[in-house]
Amino acid sequence: MSELLLQIDGREVTARAGATILEAAQSVGISIPTLCHHEKLEAHGGCRICSVEVDARGRTSVVAACLYPVEQDLVVRTRTRKLERIRKSLVEMMMAHAPDSEQLQALAVEYGADKDRYGKEVSFCIHCGLCVRYCAEIKKKNAVGFIDRGPRKEICFIPEIAAKECWECKECFPLCPTSALQAAFVLVKALTSQADEPERKA
Amino acid sequence: MTKDTIDQIIDKHHCEASSLIQILLDIQSENHWLPKEALERVSEKLDVPMSQIRHITTFYKSFSLVPRGRHEVHVCMGTACHVRGAQRILDSVTEQIGIGAGETDVDLKYSLETVNCIGCCALGPVMVVDGEYHGNITPAQVAETFKNYE
Amino acid sequence: MPRINSTAELDALRLDILSTRNPEKPCITLCSGSACQATHCRKVAAALDLELEKQGLTNTVHFRKTGCHGFCEQGPIIVIYPEGVCYLKVQPADIPEIVSQTLVAKKIVERLIYVDPTTGEKAVKEEDIPFYKNQQRLVLGLNTRIDPKSLEDYLAVGGYQALTKVLTEMSPEQVIDEVKAASLRGRGGGGFPAGLKWEACRNATGDAKYVIVNCDEGDPGAYMDRSLMEGNPYCVLEGLLIGAYAIGAHEGYIYVRQEYPLAVENVMAAIKTAEEFGLLGKNILSSGFDFIIKVHKGAGAFVCGEETALIMSLEGKVGEPKSRPPYPAVRGLWGKPTNINNVETWANIPLVINKGAAEFTSIGTEGSKGTKIFSLVGKVNNTGLVEVPMGVTLRDIVYKIGGGIPGGKKYKAIQTGGPAGGCMPESLLDMEVDFDQLTKAGSMMGSGGMIVLDEETCMVDFARYFLGFLADESCGKCVPCREGVKQMLNILTRITRGKGKQGDIELLEELAEVAGSAALCALGKGAPNPVLSTIRHFRDEYEAHINDRNCPALSCKELISYYIDPEKCQACLSCGRKCPAEAIDGGKNLVHVVIQDKCTKCGSCLEACPARFGAVRKISGEPVPASLPQESRTIVRKSKQS
């Protein structure tokens, strides 16, 4: 497998072709924060906490390290004032949902984020997608999925599948950085113990 | 909607998983909404997880998971219509037929949806009822239009 | 018409069609594009069919229903050939006269021709109307001359000549070189050089390649692609086929919004006919090249106009964009090299091949060659589709072609680039419109929507509108867009409701940086543009809303009050009768007063008050003047004074 030479935070790093910036950085002990990333799952690129600056083809842009493939002579910066502002802002937006999340609290300390910057949101979920992806890719049960889009997007269990699979499994529970997953499961458990009701739009 | 009709639609698209959205559009077009049984049949025949079908049917706004009214009313809320007073038209429609955007009335007579651009921008504001376009519409004309619907 | 088996047969067929068509034979065309459908052109068509039959003219007069002519404000539009007489806003009742007077007696029906609202000058022919005269309709112009369902019509106007040239004289590499030399930039939004994209796709490795037409025109206010696809689908098919040949793709997809049923219908009909006659399928015109096209409908998601989201949708998945690299040219549909271009880009290809790069590049500016179709809509007299060479000024578009602002109102701004674009105020009216100039001004070309705004448009509310649209259409995958757009929308909504706070503008700018830099795709990245652009050019409006609870445009409901000027009120009761909230106190000879806490700000009173009185006005940022005491409210109406 061919190898490439790139630069991360001023250090020369060798990486195999096809690796991501995150993998290349981790291989030399350079730490980039992540939230929605899991080594057993396909990279998601949703939280954007792993955003880094890259110089490529004469342009500087901000990209997700967990997804961006390494290139020969790529120049990467993992921590700049701009990236700190971005990460701080992302954490603040997520803490409007889940101020008690330990992972978010740690990031808040690191980047000086204010958990009360924005008004509190109804849902704990920060859409890292770890539960959905784990159930699809590892367990292959697809018991929980996303519905809708944009700010209305939510996770949702499929009651029929959840009733059969989840009680004995619950492997996704420890992955959840907030307690949204547990809350969603409790809800679907309550629903499946009632008569089946069709979903209603608002 | 019968299982046979659903199967026919799926077979028309050669039972390909990539045609999932086209199949659902055809079922929606025929039946005006997507009953749970139809989704389960599609999931089964195409071997696509129900979670994916549920995401698709809630992500894409053409689909309705609840029964729709006999008459579908769309009000365009695109930019050109917006600056020409689309909100007032929407308010007039609500006043006339008694439901808001995204709703269906209890008699299943009307369903009202907003659309983010119908593409008749030169004639804003625009309202579409059962596929018939009404351009440059005024609140007074809204009232007049709905007099004729059963 | 038998199957066409070679380019020679195609040329012969074209000559044959032309030889049977007498250019002197009277032909009456009716614009049947979607906008004219909205003004009931079908009723006009029915009336015309009836009248032609009644007058025994069905065999001597050709009636052709065409695609969109572009002058949508004035539809339904009829043009009569060979004279080229153009009638506007035609109603079914006008038909008998048109047939008798113009078709038969060769006289003009004066009341139906164009009259310039400022100069009073008349124009009989379509090409003399200022709206058209100042355009260069190289792509859209064909719409007026063909029935979109007729392959013969398309052949008669020179259709498929470019394909013949490509198949007989050019290798795939030569086609790509020509498109590169023409500097054709994508017309859908990004403005990326099409030739470079094609080359990257051709050079990529893959056992299959795909070409895609992006007709998911989601920018609200833009409908150019709709009119091209409805009005001249064969042109798009020809361009796509040439591109497929150049790239080495044997399968193409046309992705059309399901909100465009006529476009879906017409392109599917064109594909079917093209297949029947050997212009699609195996061994096209004996060239050895195979190509098939499938049509996929969108299902109501603006984000699917983004190329990676569109590809996901084609694969039967939710339209969540993917990160790039890898670019679709290298790894796209089903992981194979894929070239996506916008409808207008594909429609330009036959033109590039027929004219050649040298002539094509003689049109336009240094960095932007050729023409661009814009949808000129909003607060402008002549709304419709406008095609001009790159480099025409905004002023010419708004005033020369657009006819200026209706109702004597003042121009405020023009918004381009859709939800990822920005606003150009009066100071930028002399900008020569092209990709780079628009980007420099903080906006972008986008797909070509141009929304004209006047003094009554609140720019803060306008930014709020776009953020509302984007929040509705965001796929929700990434935090900067899903959360950032929502927070920006919250702030803008508060400001328009009079609840703006110090620091709101700075917070908007902070959120703009996060979304603009860190979002996954162009929807999120472009979301800040309407906000930043309006802050840049109209900061005073933001500050007025926040500091003074004042909406200078008198638009934001929570910040305005309706007030009846007692000096002007003639107590005519017109407003009281229209008020849906019983919020007007007054009577005969008793000056009317708006009861503020009942008023719903619907504006009915303002519309009802006779213009000669003009007593109702909106106020903002200041308290409503105290009403006159009851005893001072009695008046004697001016008309009754001796």
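**What stands behind the labels**

Modeller: Let's start with distance: the centres of domain 1 of chain C and domain 5 of chain C, taken over C-alpha atoms, are separated by 49 Å. Keep in mind that this is a predicted model.

Biologist: What are the domains of chain C, then?

Modeller: The assignment gives domain 1 (7–131), domain 2 (159–360), domain 3 (371–454), domain 4 (459–548) and domain 5 (559–640). As for secondary structure, chain C has 24 helices and 19 strands.

Biologist: Why does the radius of gyration of chain C agree with that of a compact globule?

Modeller: Because a compact globule with 642 residues would have a radius of gyration near 26 Å, and chain C has 28 Å, the value agrees. Along the principal axes, the C-alpha atoms of chain C fill a box of roughly 95 × 65 × 40 Å.

Biologist: What share of chain C counts as buried?

Modeller: Of its 642 residues, 54% do. The cut-off for that label is 20 or more other C-beta atoms within 10 Å.

Biologist: And what share of the contacts joins residues at least 24 apart?

Modeller: In chain C it's 71%, counted among contacts between residues at least 6 apart in sequence.

Biologist: Let's take a single residue. Why is R612(C) called exposed?

Modeller: The label needs 12 or fewer C-beta neighbours within 10 Å. R612(C) has 10 inside 10 Å, so it counts as exposed. R612(C) sits in the loop between α24 (604–608) and β19 (616–620) of chain C.

Biologist: How far is R612(C) from K568(C), in sequence and in space?

Modeller: They are 44 residues apart in sequence, and C-alpha to C-alpha the distance is 9.4 Å.

Biologist: Now the partner. How is chain A divided?

Modeller: Into domain 1 (3–79), domain 2 (82–111) and domain 3 (130–192). Between the C-alpha centres of domain 2 of chain A and domain 3 of chain A there are 24 Å.

Biologist: How many residues does each chain bring to the contact between A and C?

Modeller: Chain A brings 21 residues and chain C brings 24 residues. On the side of chain A that touches chain C, the elements giving two or more residues are β4 (59–64) and α2 (81–95) of chain A.

Notes
Residues numbered from 1 in each chain as written. Chains lettered and ligands numbered in written order. Predicted model: local features only at pLDDT ≥ 70, side-chain atom pairs only at ≥ 80, totals over all residues. Helix = DSSP H or I, 4+ residues; strand = E, 2+ residues; numbered from the N terminus. Rg over C-alpha atoms; globule rule 2.2 N^0.38 Å. Contact = placed C-beta atoms within 7 Å. Domains from an automatic or database assignment.
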